[in-house]
Amino acid sequence: MALSLPTHSSRSLLPLPPSTKPTFPTLRRLNHRVSLVTASTPLLQVNDLRAKIVESNVQILHGVNLTVNQGEVHAIMGKNGSGKSTFAKVLVGHPDYEVTGGSVVFKGENLLEMEPEERSLSGLFMSFQSPVEIPGVSNDEFLVMAYNARRKKLGLPELGPLECFSYLMEKLQLVNMKPDFLNRNVNEGFSGGERKRNEILQLAVLGADLAILDEIDSGLDVDALRDVAGAVNRILTPQNSLMMITHYRRILDLLNPTHVHVMDKGKIARTGDISMVETIEAEGYETVSAST
Ligand SMILES: Nc1ncnc2c1ncn2[C@@H]1O[C@H](COP(=O)(O)OP(=O)(O)OP(=O)(O)O)[C@@H](O)[C@H]1O
């Protein structure tokens, strides 16, 4: 296999000793050392978040409240057009939206004051509903650049080509992907399912304190869904958290959410546990949203 890993001004090309091997939990521990979050403070605290579409001035989020603690798995469900993806995109700083009110604190810091890149480097990851192609940039180049940027933010030396190779191979195995994915341009020519799997590879490589997965289950066949859910479960630790947007129960059964929220008209209308999904499936969203 020919990996086209970029060259780096890395301080060392030798493999790191086992104690400093760049695993996801190592990143997390260091990340926590530089953040203000403690086990008793929420990882993410959203209060009365309001946002509009920049181009049209149409208000989409009408006061979202949500608290995510370390180790929790939150599912966000809701009717089409209720604002789920907008909420996720506002959290990562998508330029299509402008925050018009409320606050978001992530790891003890004001998330809304951070540039999108800073949000990502500080441990917020989002997989988009329709992952984009990046023509001319190979997957391995992209992953290595992004991973080294995160290491730099954490005060760690960049990884050289050999270290990157073994790190990426380890993560490929974790998500059950073939190595030739690395040499292809990011998402170019990927099937819908391959794109989703590639998003999980990015998550595995970069790590995150909070991963937001927007309909990661859509378009996956049953085996791919099980694979992707298995990979997400292997990535999750008691310290990191997941927020997933979905319409379907099958991924919830595989990822066991601690909280299920129903979004309606740009607000969280109801919060419960997995048992609420049965009501939603039997009676639709009207009953659940109306009984708040
Ligand atoms: N960039 C945008 N330009 C125009 N309209 C937008 C934009 N972003 C969101 N909207 C509109 O805001 C509303 C909420 O959209 P959003 O994608 O957040 O809904 P959703 O709950 O994720 O829906 P679905 O379940 O169908 O994915 C929709 O009416 C959508 O058309």
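Author: L210, I212 and D214 point one way from β9, A211 and L213 point the other way, and all of them are buried. Buried here means that 20 or more other C-beta atoms lie within 10 Å of the residue's own, exposed means 12 or fewer, and partly exposed is in between, with C-beta atoms placed from the backbone. Strands (E, at least two residues) and helices (H or I, at least four residues) are DSSP runs numbered from the N terminus.

Reader: Before we go on, what sort of model is this, and how are residues numbered?
Author: This is a predicted model, in which local features need pLDDT of at least 70 and side-chain atom pairs count only at pLDDT 80 or more, while totals for chains, interfaces and linings use all residues. Residues are numbered from 1 along each chain as its sequence is written.

Reader: Thank you. Why is β9 described as largely enclosed by the rest of the structure?
Author: Because 5 of the 5 residues of β9, which covers residues 210-214, are buried.

Reader: Which strands pair with β9, and in what sense?
Author: Strand β6 (residues 124-127) is joined to β9 by 4 bridges, and the two run parallel. Strand β10 (residues 241-245) pairs with β9 in the parallel sense over 5 bridges. Two strands count as paired if DSSP finds at least two bridges between them. To locate the pairings, M126 stands opposite I212, and D214 has I245 as its bridge partner in β10.

Reader: What lies between β9 and β10 in the unit they make?
Author: Helix α7 (residues 222-235) does, and together the three make a right-handed β-α-β unit. Right-handed means that, with the strands pointing away from the viewer, the path from the first strand over the helix to the second runs clockwise.

Reader: Which residues touch the most other members of the largest nonpolar core?
Author: L210 and I212 do, in a core of 65 residues. The helix α6 gives the most to this core, with 6 residues. A nonpolar core is a set of buried Ala, Val, Leu, Ile, Met, Phe, Trp, Tyr and Cys residues joined through C-beta atoms within 7 Å.

Reader: And what is I212 in contact with?
Author: Leaving aside neighbours within four places in sequence, I212 is in contact with A88, L91, F125, M126 and M243. Contact means that the two C-beta atoms, placed from the backbone, lie within 7 Å.

Reader: Changing topic: which strands form the open sheet?
Author: The order is β2-β1-β4-β5, 4 strands with antiparallel pairing. The edge strands, β2 and β5, each pair on one side only. β1 is joined to β2 by 7 bridges and to β4 by 8 bridges, whereas β4 and β5 pair over 2 bridges. K52 has Q59 as its bridge partner in β2 and stands opposite E98 in β4.

Reader: Where does N57 lie, and what is its phi?
Author: N57 lies in the loop between β1 (44-53) and β2 (59-68), and its phi is near 65°, a positive value in a residue other than glycine. Most residues other than glycine have a negative phi. β1 and β2 form a hairpin with 5 residues between them.

Reader: How does K107 look in terms of phi and burial?
Author: K107 also has a positive phi, near 50°, and is found in the loop between β4 (97-106) and β5 (109-110). K107 is buried, because 22 C-beta neighbours lie inside 10 Å, whereas N57 is exposed, because 9 other C-beta atoms lie within 10 Å.

Reader: Finally, which residues are around the ligand?
Author: They are I53, I60, G78, N80, G81, S82, G83, K84, S85, T86 and D96, where a residue is near a molecule if its C-beta atom, placed from the backbone, lies within 6 Å of it. Helix α2 (residues 84-92) supplies the largest share of this shell, 3 residues.
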